[in-house]
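Dear colleague,

Please find below the structure that I am handing over to you.

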Amino acid sequence: MISGIGIFDEQKNALITRNFSNRALFESLTGFFKIAELKNDTYGPVLLKNGSAIIFIQRDGLYFVSVQAHAARCNVMTVVVYLDQFYLLLKRYMATKRLDRMCIIDNVNLIYELLDETTEYGVPQLTEYNIVQDFIKVQVNLPSTNSGKAHNEALESSEESDNDGNDYDDQQMLKSWKRQSFRKEKKSKQSLSHGLGDDEQYINSFILRTTTQAVSWRPKGIHYAKNEFFLDVVEGLELSVDVQQKIVRKHFIRGRIQCRSYLSGMPQLKICINKMQKNREAFLQTAKFHQCVSLDNLRTGEAIELIPPDGEFLLCEYTLKRSIKDPPVIQLAAFEVTPNFKKFKLNVSVTIEPHFKAQNSTSSLNVRIPLTKIFHEYKIDLTKTPRFKCDTGTVAFNLTDDLLLWTVGCIKGGHGENSHTMHAQFYLFDEEQFKKEQEELKNSMDPPPLREGLQLEKLYNKTHRDPDSLTNAPRAAITADFEIPYYTCSRLKIEYLKIEEDQLHYQSFPWVRYKTVNDKEYAFQI
Amino acid sequence: MSDQRVFTRHKAYEIRAELQQADNKRFKASAARQKNALKKIIANITMGYLNEMASLFPEILKFWSIDDDMEVKMACHQYALAMAPTKSSHFEEALKLIQDDFASSNERLRIMALNTLSSIPRPSYYSACQKCLESVLTRSSESADLKRAALHAILNMDQADKNSARPYVSFLSQIINEQRQFPSVRAHALSVLDALNESHKDLPPMSLSHDTCFNLLELLPELNEWDHTLILNGLTANYVPQTHSESHHLIEVVLPHLQHVNTSVSLAALKLILYLINYVDSIHESIVKRLSSSVVALLNKPSELQFLVLRNVILLLLGRDKPFLQIDVSYFFVEFNDPIYIKDTKLEILYLLAKEDNLRQILQELKDYATDIDIQMSRKAIRAIGNLAVKLENSVDDCINVLLDLLDFGVEYIIQEIISVFRNVMRKYPEQDSETIKRLVAFNDSVQEPESRSAMIWIITQFSRSLPNFLTLFRVFSDNFGEESLEVQFSVLNSSVKFFVRTRSSETEELCLKILKTAVDNADNPDLRERALMYWRLLSLVQQRADSNISLDDIVEIVDGELPLITLNTRLDPAVLEELELNIGSIASIYLKPIGQVFRLNRTMTLPQSPVLNRNRDSLEMIPDTRSSKSSASYSDPISTRSRAGSSPVKKMNDHDKPAETVNHLKMKRRTTIGSSKVTRKPSILSRRISIKRPFT
């Protein structure tokens, strides 16, 4: 039982608080939270005081705090999950990547309503966005709404002017897909509103009954002119390799099956994944499913059976460990730093190898090479401009963060037979020559030669005044971010997707896509 | 925005003026103004200006009676709730109004009224509330929302007045058993009854019957995710299985819920299964594996959740003598971006998990942490290595070698910590070779912190036989005895006496006397003086009177006797463990302390008696799974350590140079997958197989 909830900013000032029962206690405890030392986050997410508990999570620099009057009775896990869900719900309402102070302050009314709707007497009730959204239609108050709208409209019109010609060029296809999905979203909204115009006023009359029914995540009476179901399999690769010790620390596939459903009525879906047929045990062990999936059938049935919620939802999450024998999708084949002290030059070369099906190719690939260590170990002379060369893509030198950004772009797959290399050449500080030049300058009457172009060393010194920044830097690692469409690293595949609606018998269009991207961490530690 | 203007401090008279002013004006405009004024009141209460707003009660009452608008009613109820602690005399008037609200036909208003009635701690309100409750709960025509509100009103009343909820207990169990009730009402009734049971020690345990239990589980598909948690939690320890097959069956039913995407549901399921496992004779290994892997899958959540999972579940389950989960150590390796509380817990787990066979891996990892930039982390890692040395008697040498390696780093705080840690290691294994001791003593001058200083003194004293120059080493500490911290002073005092009784030379005598004299004459701390005096008397006893019955040998025995062996207590008390396992997900289990210690008033949970209860939990037989060894052939079986015997998680990267045999292998395999699937062979009953080549937007 949650006695109260509050959102606090970074300085622990209350932005919004809502209590469900005992006010006096709530106030004293939030006061306690304010003075509690949270420095160095040595505490877990729980603070105890006189048999009452404060449970909080920190997201985007905001604290989401809940107070429990009777700590012994409360289920910490439920509370933390609820706070997390509430945060996600807010984020979806605000349609931002990051919540901040102003978002909260500007939308006090909305948040009060949301808090009331998602809990009942301190027991979490309903946190599904697709349903809550139909209950609470308070206008979100966002600072940049106008400009955002204008931008969207501009985008739309420019895309509308494009013809529908079937161009199989990759770029074109990307565009056309964008357009298609964009229209779909628009269409879906229109069909929902039934021409009532103002979406604000319209409330699905079935919605009020939904929450108490067997299928609590889908209201009845949804209708679309065109029935479509989109299923995206996105696999994030997490990799951490220690290059020096030649150890693979982590190699995981974090998969998500994301769906968007625009289907009328109460459709029954059957989705069959090839992993369910062959490696059922191993796959099911780490998979977590959305509440709409009937879990009882999973163990025995051939397929995943579900009645999908309307709109966007996350069907399934899974984590697979990749075999150590499988090479990383983007493999660091070589990383060399070779100083040439005779010529006062320092060469850095990086070679990468793709390891995925040859038919596929990356749609984007960026490699970041940290230079902090190199700048630390060698005296680099930045008065002479460094030179870069690479087989594919472009190289940029980020002076403030000490890294090279190699934008490789689109490369074809393969299994180690093709590789791509980047070279960078820096100049080492040549003391003799420097002295000689100084001497010459002193003796000659000429003014010092005029320098044109960028003065990298000045910029460098400007950004590296603080000596502490070096010691606090995390471990140096070559990181990569990439995206490989049509490819799943685990070879997961949707065998079939069947949509059935007993009453309406409509034709439906299922769409399935795959892609592999990097997860938060994809790093080769050097 | 207008919201921000509402959230400013107002005086009571300002708002009162605004309310009255609004009365005179045209109706429509005034309604909006009134609402705005009411909003200001609520906003001011939220900001904590309770006393100022308290004087507005009469105005509120006026609005309450005349206005039917929902927003106004909501504000009035909120106001009443906020005023609950003030004991205002207006509450009697308000009671009438609230009862009127309850009698209305608007459901939201009725729920609100019920909530207000139960939350205001006054006898008159309680009796009114009880009447309302009876009318709601007995009538089957009322809606589910209202009934849920009534159930929570019971809890609300119970919190303020311990006796008011008692009459409803039988009522609640009736609701739970009633088939015709709304599923969510039954779920809530279960959780309310559970909560009541926990706070009232004298209530009889609510043992649910077998039928009710399965009945409730059948409800699960009809409930939303949060109600799942309520049911699963409610069943734990309240339903007592009577036969082995009963509990086996129940485990089967609950297992699928481990797969739920909502962490709290899967944890509640885990808790129920763990509880039921106490009532079975044997368990399939595949179930253990499923439990382990679902727990591992939870580790990929936001850090707060991850912390709870680590702390609550894993630490507990691994704390058993025979660990129940089979999870590979590598999952608990610390990431550099983990918050400190997760790092600490992971270190604890690593320490718990360490055994002879995985020690190398763990030591390597701890060594990495020890050279971490984060000083706190590095200290903790070194501590952990030291504790491991004490814990695992067969692999002390490995641990000591790692510690000695770390010494070579020469970083100040690492040295301090290693010296402190070595005291424990040396005490457990006194038969160290003199090389190690010499290497340690080389850092004699660089130890700074009190703890490491006194540890160094202890080492020098204890191993003075292998140190020819021990007195010179010792003088570093004894020379400025007066300026040392108390801890070091004690050590110096003890050691000087030990030296004296061990080797009686003029040098040691002089040293000992000097220290004793300074301690007695100059020391401020009474304890130190006391101890010095004690030693002094002891020594003079022997010297002065030769006929006394204490001989020198006795004194040597007293001062420099054999030290008892140290052991580390790594296991929790089984009784506590049992209780904590029943409380997974609660606050007590985070602190790993029994409930009674954290919250004194609460009932401690124990496993209910049953003919099939396993008293000895380690005797649980595990039926090995024959299929699993085959299935691990293709891609990784993520958990089982057995299948990974050949390919340990730390593997040389050189393997990547080998030809990509897996790929060819897989092409073939994929063909077989398609071929073997019954589905694709019968295209008629399927919708078409789909796959489109379009990039992501």
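Predicted model: local features only at pLDDT ≥ 70, side-chain atom pairs only at ≥ 80, totals over all residues.

Domains

For chain A, the domain assignment gives domain 1 (4-135), domain 2 (227-325 + 489-525) and domain 3 (330-484). Taken over C-alpha atoms, the centres of domain 1 of chain A and domain 3 of chain A are separated by 46 Å. For chain B, the assignment gives domain 1 (354-446) and domain 2 (469-559). Here the C-alpha centres of domain 1 of chain B and domain 2 of chain B are 31 Å apart.

The nine-stranded sheet of chain A

Chain A contains an open sheet of nine strands with mixed pairing, in the order E11-E13-E9-E8-E24-E22-E16-E19-E18. Strand E11 (288-289) and strand E18 (394-398) of chain A are at its edges; each has a single partner strand, so one side of each is left without a neighbour in the sheet.

Strand E8 of chain A (residues 227-242) pairs in the parallel sense with strand E24 of chain A (residues 508-525) over 15 bridges. Within this pairing, A:Asp232 has A:Arg513 in E24(A) as its bridge partner. E8(A) is also joined by 15 bridges to strand E9 of chain A (residues 247-262), and these two run antiparallel. A:Val248 in E9(A) stands opposite A:Val241. E8(A) and E9(A) form a hairpin with four residues between them. In the turn of that hairpin, A:Lys246 has a positive phi of about 55°.

Elsewhere in the sheet, strand E16 of chain A (residues 364-370) runs antiparallel to strand E22 of chain A (residues 477-485), with five bridges joining them. A:Glu483 in E22(A) is found opposite A:Ser364.

The three-stranded sheet of chain A

An open sheet of three strands in chain A has the order E12-E10-E23 and antiparallel pairing. Its edge strands are strand E12 (304-306) and strand E23 (494-500) of chain A, each of which pairs on one side only. From one strand to the next, the twist averages 10°. Strand E10 of chain A (residues 268-273) is joined to E23(A) by six bridges. A:Gln268 has A:Glu500 in E23(A) as its bridge partner.

Helix contacts

In chain A, the axes of helix H2 (residues 76-94) and helix H4 (residues 108-118) come within 12 Å and cross at roughly 135°. H2(A) and H4(A) are therefore oblique to each other, and their crossing is right-handed. H2(A) contributes A:Phe86, A:Leu89, A:Leu90 and A:Tyr93 to the contact, and H4(A) contributes A:Leu110, A:Leu114 and A:Thr118. By class, six residues of this contact are nonpolar, one is polar and none is charged.

In chain B, the axes of helix H22 (residues 396-407) and helix H23 (residues 412-428) come within 10 Å and cross at roughly 155°. That angle makes H22(B) roughly antiparallel to H23(B), and the crossing is left-handed. The contact is formed by B:Ile400, B:Leu403, B:Leu406 and B:Leu407 of H22(B) together with B:Ile414, B:Ile415, B:Ile418, B:Val421, B:Phe422 and B:Val425 of H23(B). The contact of H22(B) with H23(B) comprises ten nonpolar residues, with no polar and no charged ones.

Yours sincerely

Conventions: Residues numbered from 1 in each chain as written. Chains lettered and ligands numbered in written order. Pairing = 2+ DSSP bridges. Domains from an automatic or database assignment. Axes fitted to C-alpha atoms, helices over the stretch in contact; angles between N-to-C directions. Parallel < 35°, antiparallel > 145°, perpendicular 65-115°, else oblique. Left-handed = near helix turned anticlockwise from the far one by under 90°. Contact = placed C-beta atoms within 7 Å. Nonpolar A, V, L, I, M, F, W, Y, C, P; charged D, E, K, R; others polar.
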